[in-house]
Amino acid sequence: MNGEKRKNREQIFAHSGVRKILYGGDYNPEQWPEEVWKEDMRLFQLAGVDCVTLNVFSWAALQPDEETYCFDRLDRIMELVKENGLYVILATSTAAHPAWMARKYPEVLRMEFSGLKRKFGGRHNSCPNSPVYRKYAKRLARKLAERYGHFENLIAWHVNNEYGGECYCENCERAFRVWLKEKYRTLEQLNEAWNTSFWGHTFYDWEEVVVPNLQSEHFAENRTTFQGISLDYRRFCSDSLLRNYQDEQAAIREVTPNIPVTTNLMGFYKPLDYQKWAREMDFVSWDNYPANDTPAAVIAMNHDLMRGIGGGRPFALMEQTPSVTNWLSYNALKRPGVMRLLSWQAVAHGADTVLFFQMRRSIGACEKYHGALIDHVGNEHTRVFREMQALGEELKQIGGRTLGGRTPAKVAILMDWDNWWALEYSAGPSCDLKYLDEVERYYTAFYEQNIPVDFVSVEEELEKYAIVVAPVLYMVKTGYEEILKRYVRAGGTLVTTFFSGIVEEHDLVVAGGYPGRLRELFGVWVEEIDALPTGEQNGFTWNGKHYPAELLCDIMHLESAGGEAVYETDFYAGSPALAKNHFGKGIAWYVATRSSQEFYHDLIKRLARDAGVEELWSPVPQVEVCERQNEEGKFLFFLNHGREDAELTLEKAGIWIQKGKPYEKGAKIWLKGKDVMVYQVQ
Ligand code: GLA
Ligand code: ZN
């Protein structure tokens, strides 16, 4: 199978004959005596588990020393799960190197941001630029592919596990210089890009460049005296880990070209540019671990990002906890019904699997209190088991109906990792300015109105969207303004906010008036930016309603734009806080300050109406509504996040699939607290 075919597949596991939402997850039999394995098989069968992820942390078991590989136990596990009719997602085990390797080759160990060299311990402890680590990781991946590639129940490869973190060691320093040479070619260009004439930082030799950490340019995690080098180091770290992924993927593909390869991502994870990563992966998979108080909208937003980076194709929910995590300060249980609700929420946003960490709760080390299908009691007589068993039944009943379903969205939010990194490295104007806070505010406004959202990157054309929101588009990369102009000129509605268009891709300010390259498109000139300390507010009135202005207030002049609202206090009272510019056939809105959720709600409502974007369903408090479409039809997912029962008026005729019950248009139904209805529209 060539790359294009692998990527264009609508159903992730169609090649393996999978016809339902896969159910199961991380299974670590190597932590248990073999007598227990048989009992596990019985319990899996009982719970409706049909897929296990194996071998996630087994490197030490598979390679006890530099020369020896022993696969006997994994062979037995692979045979056992095959006999028991389970699909396998096989991991490569490279997220934690063996102790002998650290001892013999200390270069595989990471150096922390502080300059502290690690010893053996923990996981994600390997330097991504260590030649020894890279050699042995590739070798192990290849050996696994050679040994297990013929198993017909092997449906995907899971490389490493939750790649992340950074390293600042000498391997990385050397590799960084190579990366920089490839990028800038000459030191003159590097000096220019980093503006090194500031504070006399001019480099005359590549060897003078050192990694930016607490020993050099940084004075705190996110505080750097030189944004240029710090930003490039983030790009370099993301690329380094991506190269580790590609090393293993290439080794595997040579042996098993037909089995798709993935690694489990983590939603809005700042250190890795997942848009770049996803372009290399056969399909996207991710681990959903909301904290106790994470709003449903934020979970939804993470799913949508994961769908977006994969170009809208279905993704795999690789992990979630059945009940509880171990790493929060307060690890509250998922209340009855919540595991099911969150599982369906993932499916509603594009997941074609419902997988968990983990199948059996371990007895030692830091995850012994992490939830599992099989608890320490070791049997099926637990609330968690019963709930999982019930969901297993329900997924069997739903079968393959929703597989491959796409979410048709008319709205997009722009997401760009470079912008995220650069914005939050910037010293000033406010330490409270966080990219995701602003993204979340707009996302939530759409979410509350049941308007589906896609996340897009700066690489994508925007024509298919009626509305595009680019919150704090601080960095406008060379040429990106043309994509935006093309979009608006052709009739699109574009929204951006305060502190946008300030810098180009090296974090150098675009001189000539803010918002730089966006000035013509938005028809405004921002002269000054005022940061309001927490608790201080300005305000404005729009369409007869009063709203707060906080965080940042851009003080601007209208050029071609029309003013929609003005600041009401301070020396800039009367200057515009909201501007609207007709550009070609479209409209560009500049929201010059941060306001309340109510404002975002009202703004989005108005923009959706003007642009003809309809909500999927009239909003019902606490009930999320999503849509997926495939050849089988249109499926609406109603997810009641509230504790109270909710009354719904069915706006379309259809079938409540779990009940097998048809409804006429206009019928009224009750959806219980935490309940889910999958509704096939007729
Ligand atoms: C991550 C990892 C798992 C496990 C869980 C615990 O998602 O991938 O190995 O540690 O966290 O929540
Ligand atoms: Zn390193």
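## Around ligand 1

A polar contact here is a pair of N or O atoms within 3.5 Å. By that cut-off, Asp287 makes the list: one of its polar side-chain atoms sits 3.4 Å from an oxygen atom of ligand 1. Keep in mind that this is a predicted model.

For Arg123, the distance to a ligand oxygen is 3.0 Å, and for Glu367 it is 2.3 Å. Taken alone, ligand 1 would expose 300 Å², and the protein buries 97% of that.

## Who lines the shell

## The zinc site

Over at ligand 2, a zinc ion is held by the SG atoms of Cys127, Cys167, Cys169 and Cys172, at 2.2 to 2.3 Å. The arrangement is tetrahedral because the four donor atoms subtend angles of 98 to 123° around the zinc ion.

Along the sequence, the donors follow the spacing C-x39-C-x1-C-x2-C. Cys127 and Cys172 link distant parts of the chain, 45 residues apart. Cys127 belongs to the loop between helix 5 (99–104) and helix 6 (131–148), while Cys172 is in helix 7 (residues 170–184). Are these two buried or exposed? Both Cys127 and Cys172 are buried.

Technical notes:
Residues numbered from 1 in each chain as written. Chains lettered and ligands numbered in written order. Predicted model: local features only at pLDDT ≥ 70, side-chain atom pairs only at ≥ 80, totals over all residues. Heavy atoms only, no water. Polar contact = N/O pair within 3.5 Å; in protein donor to acceptor, adjacent residues only side chain to side chain. Areas by Shrake-Rupley, 256 points an atom, 1.4 Å probe, with all protein chains shown as cover. Donors = N, O, S within 2.8 Å, 3.2 Å for Na, K, Ca; no water. Tetrahedral: all angles 85-135°; square planar, octahedral: opposite > 155°, others 65-115°. Helix = DSSP H or I, 4+ residues; strand = E, 2+ residues; numbered from the N terminus. Buried < 20%, exposed > 50% of the residue type's maximum accessible area, 1.4 Å probe, protein only.
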